[in-house]
Amino acid sequence: MPDHKMSENPGGRSKAGALPVVIAGAGISGLCAAHWLKKAGIEVIVLEKEAEAGGAMKSRREQGWLYELGPNSALETTPLIEQLLGELSILDRRVYAQAGAARRYILKNGKLTPIPMNARSFILSPLWSPKGKLRLLREPFIGRAGEEESVADFVRRRLGSEMLDYAVNPFVSGVYAGDPEKLSARSAFPKMYALESKHGGLFKGLLARRKAKLFSLREGMQSLPATIAVSLGESLQLNAPVERIVPMRAGRFPVYTVSYRSEGKPGTVDASAVVLAAPAPAAAGIIRPIDPEMAKTLESIYYPPLAVAFSGFRSDQFLRPLDGFGYLVPGIEHRRSLGSIWSSALFPGRAPAGCSALTTFLGGARQPEWAKLDDWELRATVMDELRPVLNIVGEPLFSRITRWERAIPQYNLGYHRILESIDRFEQNYRGAFICANYKGGISVGACLVSAQQVVERIKEHLKS
Ligand SMILES: Cc1cc2nc3c(=O)[nH]c(=O)nc-3n(C[C@H](O)[C@H](O)[C@H](O)COP(=O)(O)OP(=O)(O)OC[C@H]3O[C@@H](n4cnc5c(N)ncnc54)[C@H](O)[C@@H]3O)c2cc1C
């Protein structure tokens with residue numbers, strides 16, 4: 001970190017000419033914003049609370065196993081992903097999901113049932129009854145609802161309850177670890193919601209959408225933020241939690257004094273603009289002194305707890321092949337896990353030779369209590385869930401548990417009001433921007449899009 005910008009006296013001002021943009025939080029959102037600002041020739045300082053960059057994107061390699069604590073993969077939903085990997089010269093480290101991973105399963109009556117991939121297998125699929133399938137024919141003739149709906153109400157109304165139970169409910173827990181009865185259709189799945197009035201209906205519209213490819217990196221998802229962190233060099237300071245921002249008038253637009261701690265000592269830095277890229281509860285703490293109402297709004301965003309269990313086995317412990325991406329568990333099955341990703345079948349290099357690995361999820365908005373079991377109970381529960389489904393013999397050779405006390409922000413009913421408050425905050429505090437997964441979408445791709453939009457807005461702001 002260039003020390004001419006920093007001061008260890010709270011309230012101290014930068015003596016430098018142009019002030020930097022200060023970013024609070026080095027998750028993928030904050031890092032991408034920093035990367036693109038720097039590329040545009042704008043000086044940035046990123047302050048990160050933890051000892052490593054990446055936020056939710058964390059990967060670990062131990063004893064030949066490579067496991068993810070957060071996202072296991074991401075969909076290439078935006079050309080920004082390819083652009084970013086190219087700019088960082090790591091396109092050759094991208095790995096796509098192996099061909100067999102196109103096969104995905106839903107648990108029905110305790111059995112793995114393939115998700116149909118074409119019209120014929122859909123018609124033959126035991127996931128839905130003939131009546132449930134015929135119900136889809138009515139869909140193009142169903143109009144829009146007058147008021148905001150939950151994902152569950154939206155799907156029940158348009159596609160029928162069987163589609164909710166054995167398609168959308170498990171899908172929602174795979175994406176958000178969320179509860180479709182609580183998530184807002186319009187805020188949580190804006191693209192799906194928009195399809196309602198296009199393509200002659202939602203179902204046809206979903207079929208018409210091009211499939212995005214699933215990717216990771218050879219050394220795991222964290223190598224993406226880690227590479228950005230390296231390229232930022234001294235512009236990124238770790239172990240440096242931001243505590244508050246204070247706007248100070250300078251001409252027509254305020255500059256901001258950002259207070260933070262570094263190695264326990266207080267420091268301040270003045271900024272031409274600030275980007276809040278920390279999770280909502282942390283951002284709430286940072287802005288509370290200047291906008292307690294907005295802080296309350298941010299604190300109201302629900303992040304359910306989630307436990308992620310990585311389990312490694314000898315491949316011959318499975319009496320059933322791991323021949324796909326993994327499986328999702330519908331709520332109606334009343335099991336304790338949300339599903340399991342077959343990590344070693346998905347990407348190469350996740351397990352030592354002759355071994356296989358699974359990543360199993362417990363908790364989320366549907367069953368938060370299961371994420372809170374102690375380690376011993378959690379390990380036993382994971383095996384109780386996996387054993388009958390995958391016919392596993394014996395115990396795992398390797399097991400690691402990650403707990404997210406607050407995993408993924410839920411875009412629940414009424415979320416548009418939170419988004420409106422964020423817009424109002426940014427209008428009231430010109431030069432303060434919010435760029436995080438609780439604003440423009442939770443996926444890694446959505447975080448990149450949000451970061452790029454914020455960078456464009458900052459460039460406009462600095463021009464003025
Ligand atoms: C278990 C799990 C599985 C997921 N699976 C997928 C998936 O398969 N595919 C997918 O696309 N997405 C997935 N996601 C979602 C995706 O990973 C996240 O939405 C995304 O990584 C969030 O990035 P972010 O930068 O907005 O926030 P974060 O990653 O939360 O980063 C915020 C950063 O701010 C820092 N911070 C906090 N307080 C302060 C402070 N006071 N000062 C400075 N810094 C601070 C934090 O330490 C953190 O580094 C998953 C998420 C989780 C948790």
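Predicted model: local features only at pLDDT ≥ 70, side-chain atom pairs only at ≥ 80, totals over all residues.
## Domain organisation

The domain assignment divides the protein chain into domain 1 (3–56 + 222–301 + 411–463), domain 2 (59–72 + 96–100 + 304–404) and domain 3 (128–208). Between domain 2 and domain 3, the C-alpha centres are 28 Å apart. To their contact, domain 2 contributes 14 residues and domain 3 contributes 11 residues.

On the domain 2 side of this contact, β18 (337–341) and β19 (355–363) each provide at least two residues. The class composition of that side is nine nonpolar, four polar and one charged residues.

## Surroundings of the ligand

The ligand is surrounded by 37 residues, of which the closest are Gly25, Gly27, Gly55, Pro71 and Ala282. Two or more residues of the shell come from each of the elements α1 (28–39), α11 (280–287), β16 (306–314) and α16 (444–463). The greatest contribution is that of α1, with three residues.

In terms of residue class, the shell comprises 24 nonpolar, 10 polar and three charged residues. Because both domain 1 and domain 2 give residues to the shell, the ligand lies between these two domains.

## The five-stranded sheet

Five strands form an open sheet in the order β11-β3-β2-β15-β21, and their pairing is parallel. At the edges are β11 (236–237) and β21 (432–434), each of which pairs on one side only. Strands of a sheet pair through backbone hydrogen bonds, in either a parallel or an antiparallel manner.

Within this sheet, strand β2 (residues 21–24) pairs with strand β15 (residues 273–276) in the parallel sense, over four bridges. In this pairing, Val21 is opposite Ala273 in β15. Helix α1, which also gives three residues to the ligand shell, lies across β2, β3 (44–47) and β15. The direction of α1 is at about 165 degrees to β3.

## Contact of α2 with α16

Helix α2 (residues 79–87) packs against α16 at an angle of about 75 degrees, and the two axes are 9 Å apart. The two helices are therefore roughly perpendicular to each other. From α2, the residues Leu80, Ile81 and Leu84 take part in the contact; they meet Gly445, Leu448, Val449 and Gln452 of α16. The contact residues comprise five nonpolar, two polar and no charged residues. Helix α16 is also one of the elements that give two or more residues to the shell around the ligand.

Key. Residues numbered from 1 in each chain as written. Near = placed C-beta within 6 Å. Nonpolar A, V, L, I, M, F, W, Y, C, P; charged D, E, K, R; others polar. Domains from an automatic or database assignment. Pairing = 2+ DSSP bridges. Contact = placed C-beta atoms within 7 Å. Axes fitted to C-alpha atoms, helices over the stretch in contact; angles between N-to-C directions. Parallel < 35°, antiparallel > 145°, perpendicular 65-115°, else oblique.
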